[in-house]
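Please look over the sequence and the structure shown below before reading on.

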Amino acid sequence: MQISAKLRFATIAAATTAVMSTATLFGANAQETFRIGYAISKTGPGAPGAATSTIPNYEMWVKEINDAGGLKVGDKQLPIEVVEYDDRSSSEEAVRAIERLINQDKVDFILSPWGTGINLAVAPILDRAGYAHLAGTAVTDKAPQLSQRWKNSYWLLGTGEQYAVGLAEFLKGLKDEGKINDKVAMIAVADGFGIELSKAGREALEDRDFDLVYDKTYPLGSQDLATIVNDIKSLGADTFVAFSYPPGTLGLTEQSRVLGFNPKVFYAGVGTAFPLYKNRFGDNAEGVVSLGGASEDDPKIADYIKRHVAFAEREPDRWASIVNWATLQSLQQAIERAGTTDREAINAELAKGGFDTILGTYKPGDQTFWQVGQWQGGKFVGLAPTSMEGAAELVFPKPEWKAAQ
Amino acid sequence: MFSYAIFSGITLGGMYALVAMGLTLQYGVSRIMNLAYGELVIVASFIAFVFMTSLGVNPIAGLLIIIPASFALNWVIYRILLTPLVARAKNRGMLEVDSILATFGLLFIVQGVLLVWFGGNYYSYDFLNNAVDIFGATIAANRLVALGFAVVIGLGFYLILTRTRMGTALRAVAVDPTSARLVAIDVNFASCFAFALGGAMAAVGGVLVSMFLTFSTSMGVVFTMKALIVVIMGGVGNMLGALIAGLILGVAESLVATYIDPGLTIAVTYVIFLLVLLIKPSGLFGRAAS
């Protein structure tokens, strides 16, 4: 019987297709990259904060891992593939972006967005989808409750209360030594951060017999705080506490300098630990107290700062950047320990802790970092908790502002 | 305390007026609702920053380059982006809507370019931050310089617009472009000129406020909003109106911060704005819409 050419062709084509599809079946499950997704504020009011504390960290982490070949997952090396979205500093956009990362992009792990408000907004969504949440730029008193309610939710910077109480304890020590009077002038930015910290601060200070001679809030985004500083100047308070955000932090420092307002203790809020503060004020930053702190003499931290400058052409901040980097190191080690891209295994490893990071042995959520720091000789050193090793002595009183050139 | 509130308020108001005066020209004469106005202010701030930190040129000297450059840039923007809209707009209302949409897009383009170049960080530099004593109030020198420029520009333009031929031509175009054509005024040229001039003033505002404000690429919108309020409150197209409106807002903010509560500074700005609109809808010095 003669097999027609058409029949022969069709049979060979069918056989080849069958063989090829079985071949791809074997190859289909091989994962070539580890997909990391995040929504971050590249525009909008949160952009400067994200650009200082978060974006350089994320990008440097991915680059360093990929330059070394990728994450060691089991016996393979998987380079990291990044899916990033701009959440425009809006909680709604961030939620939408996170849902896209979960449902459409189906990434393996999601890094946190910037800011307390946005992290609070995306936390339940991450939990529902089984992703861990390493909230690195959020300060909220709800942190302990949230970590309990959502199994894999880590609130790295702690609660507002601990910073306020840490500061109040510090001030009480000075008052008991007779170095400052009991008058405190306190201002706060009218946003989540300022409101929470001033509430906690008010209680903590009044509990320790301090007299709040000035206790007001100012609108978010305001930089013109000269009238406030001028009013406070005449009140005779030895301590000035500002739970402020940049650009207000920079504005009120500059206006205090112009007005010659020299309290013995000058505490400013977010932004003080930024390299911008040091660059802008130079020697005038000496003695300013704020949240956070960094042990720059520790070789691990000094090395991190050097690499950050080489990569991002700017220094990290001395508070959130450092904690976030330690957490990214923890994440890398958790993935490598788990030896798999399976999310639950990685989450389980994260929960175990014991990671080797720039903050020493660390588990995300550990509060073993500086809560009160001060600019001394161009370094933002840690003062409190005083029980931590390497706590520096307070430079007291704050040196007088030098006149502008 | 009162004198400090007043003087601090005047310098604050000077800043608001400075940032708004270019927009009143653009909106009043060229009838372009320029939503990208704040971005142009910020671009000038960044250029001043680059001049100061990389080239060592102080911002005031830098104005000699920045003013002509921004005039040219805005001329080009008008010719390329906005002239087609002007050509096909059947009436002013249509032009306003079209220009809002077009400049809204321009806003994102400028912001995007700035983001790529400078990133999202805050930028700030130190210039003329010496304390100056004015009648017992200590004010930073750079704020006084900004106030000085605002007053000079405001009064100067008032004189130019009322005493010179070109200025009168601009006012004629602002009142009624069709009639202006009838008296041989080149409306297209006048509109383009006013737009470019407004843009140059935005640049002046940007350079001067960069001396004492901390700015970032995302702050353009804030400037546009503030400028809009000052322009509408002062009467569209009226430079002196913008100056006075800015000063009123600044002083009010300062007084409220001192005597009532610093948290109400933004609220008082809008309250005054609303009051002016309720009592005189065309603004303090504006003429009724034709």
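This is a predicted model: local features need pLDDT of at least 70, side-chain atom pairs count only at pLDDT 80 or more; totals for chains, interfaces and linings use all residues.

Sorted by class, the contact of H4(A) with H5(A) has 8 nonpolar, 2 polar and 1 charged residues. Helix H4(A) and helix H5(A), the latter formed by residues 116–128 of chain A, pack at an angle of about 30°, and their axes are 9 Å apart. With angles under 35 degrees counted as roughly parallel, H4(A) and H5(A) are therefore roughly parallel to each other. The crossing in which H4(A) passes H5(A) is right-handed.

Chain A holds an open sheet of 3 strands in the order E4-E1-E5, and its pairing is parallel. Strand E4 (80–86) and strand E5 (109–111) of chain A stand at the edges with a single partner strand each, so one side of each has no neighbour in the sheet. From one strand to the next, the twist averages 25°. Strand E1(A), residues 34–40, pairs with E5(A) in the parallel sense over 3 bridges, and within this pairing Tyr38(A) has Leu111(A) of E5(A) as its bridge partner. Helix H4(A), residues 91–103, packs on the sheet and touches E1, E4 and E5 of chain A, while its direction makes about 170° with that of E1(A).

## A covered strand and its partners

Further along chain A, strand E15(A), residues 372–376, is mostly covered, with 4 of its 5 residues buried. Strand E15(A) takes part in two of the pairings listed here, with E12(A) and with E16(A).

| Strands | Sense | Bridges |
|---|---|---|
| E1(A) and E5(A) | parallel | 3 bridges |
| E12(A) and E15(A) | antiparallel | 3 bridges |
| E15(A) and E16(A) | antiparallel | 5 bridges |

Strand E12(A) consists of residues 289–291, and the bridge partner of Leu291(A) in E15(A) is Val372(A). Strand E16(A) consists of residues 379–384, and the bridge partner of Trp375(A) in E16(A) is Phe380(A). The hairpin of E15(A) and E16(A) has 2 residues between the strands, and in this hairpin Gly377(A) takes a positive phi near 55°.

Ala384(A) is found in strand E16(A). Is Ala384(A) buried or exposed? A residue is buried if 20 or more other C-beta atoms lie within 10 Å of its own, and Ala384(A), with 22 C-beta neighbours inside 10 Å, therefore counts as buried. When its neighbours within four places in sequence are left aside, Ala384(A) is in contact with Gly166(A), Phe170(A), Gln371(A), Val372(A) and Ala391(A). One of these contacts, Val372(A), is also the bridge partner of Leu291(A). The C-alpha atoms of Ala384(A) and Leu250(A), which are 134 residues apart along the chain, are separated by 23 Å.

## A helix covered from both chains

Helix H9(A), residues 226–233, is mostly covered, since 7 of its 8 residues are buried. The buried residues of H9(A) are Ala226(A), Thr227(A), Ile228(A), Val229(A), Asn230(A), Ile232(A) and Lys233(A). What covers them includes strand E8 (183–189), strand E9 (211–218), strand E10 (239–243) and helix H10 (248–259) of chain A, together with H1 and H10 of chain B.

## Where the chains meet

The contact between the chains takes 31 residues from chain B and 35 residues from chain A. On the side of chain B that touches chain A, at least two residues each come from helix H1 (2–28), helix H4 (92–118), strand E2 (137–140), helix H10 (239–259) and helix H11 (265–279) of chain B. Helix H1(B) gives the most to this side, with 4 residues. By class, the residues of the side of chain B that touches chain A divide into 13 nonpolar, 16 polar and 2 charged.

## Chain A as a whole

The secondary structure of chain A comes to 14 helices and 16 strands. The C-alpha trace of chain A spans about 115 × 45 × 40 Å along its principal axes. Of the 405 residues in chain A, buried residues make up 50%. Among contacts in chain A between residues at least 6 apart in sequence, 67% join residues at least 24 apart.

Methods
Residues are numbered from 1 along each chain as its sequence is written. Chains are lettered from A and ligands numbered from 1 in the order in which they are written. Two strands pair if DSSP finds at least two bridges between them. Axes are lines fitted to C-alpha atoms, for helices over the stretch in contact, and angles run from 0 to 180 degrees between N-to-C directions. Two residues are in contact if their C-beta atoms, placed from the backbone, lie within 7 Å. Angles under 35 degrees count as roughly parallel, over 145 as roughly antiparallel, 65 to 115 as roughly perpendicular and the rest as oblique. A crossing is left-handed if the near helix is turned anticlockwise from the far one by less than a right angle, and right-handed if clockwise. Ala, Val, Leu, Ile, Met, Phe, Trp, Tyr, Cys and Pro count as nonpolar, Asp, Glu, Lys and Arg as charged, and the others, Gly among them, as polar. A residue is buried if 20 or more other C-beta atoms lie within 10 Å of its own, exposed if 12 or fewer, and partly exposed in between; C-beta atoms are placed from the backbone.
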